[in-house]
Amino acid sequence: MKIKKPKKVKKITKASIKKNIRKLQNKALKLWSEAVKIKAGNTCCVQGCTVTERLNAHHIEAYATCKALRYDIRNGLCCCPGHHKFFGASCHRSFCFVLELLTLDDIEYLTAHRKDQVEFTIEYLQAKITELEGIINESRKPDAVSAAAGATERNKTSIAQESIS
């Protein structure tokens, strides 16, 4: 008769906590990206651009330097690859280009929250993940999809009108 060995109890170490936080950060980033794209109606945010494939979510306030807004969908723009990085007028090449895509409300919100202090704990990240999953699940309802597309068109129109003025 074979004797079963008792299962090892995993110790909670600094390394294991760090590993769990890293996994949660990756999950939150993927959800943030999806939520930003949904918010934009799965189209590039630049007026006149009709690209709907291979879209990128761009952090307005830098991912690396602004922890407080890292997983906030108001800190994101949905762009085609060209308007994200590759064209002369793109998010990574021109601050003025990004500024033209934002509303005054967006700028005020980002300015007010960019220096907020945040510590990435497991609890904080789980709360952000739940929030982002809620946004994504809400958008999957039939009424929400058409509302998101309408909001994107209104935003593009308001940006165009502001630039004409």
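**Group meeting: salt bridges in a predicted model**

At 14% relative accessibility, Lys128 counts as buried; buried means under 20% relative accessible area, exposed over 50%, and partly exposed in between, with a 1.4 Å probe and protein chains only. Its salt-bridge partner is Glu131, with the closest N and O atoms 3.6 Å apart. Glu131 is partly exposed at 41%. Both residues lie in helix α5, three residues apart, about one turn of the helix.

Some background. This is a predicted model, where local features need pLDDT of at least 70, side-chain atom pairs count only at pLDDT 80 or more, and totals for chains, interfaces and linings use all residues. Residues are numbered from 1 along each chain as its sequence is written, and side-chain values use heavy atoms, leaving out hydrogens and water.

The protein has six helices and two strands, taken as DSSP runs numbered from the N terminus (helices H or I, at least four residues; strands E, at least two). Their order from the N terminus is α-β-β-α-α-α-α-α.

How many salt bridges does a search of the whole structure find? Three, where a salt bridge is a side-chain nitrogen of Lys or Arg within 4 Å of a carboxyl oxygen of Asp or Glu.

Another one joins Glu133 and Lys27, at 3.7 Å between the closest N and O atoms. Glu133 is in helix α5 (residues 122–139) and Lys27 in helix α1, so the pair ties together parts 106 residues apart in sequence.

Glu34 and Arg140 also pair, their closest N and O atoms being 2.9 Å apart. Here Glu34 is partly exposed at 30%, whereas Arg140 is exposed at 54%.
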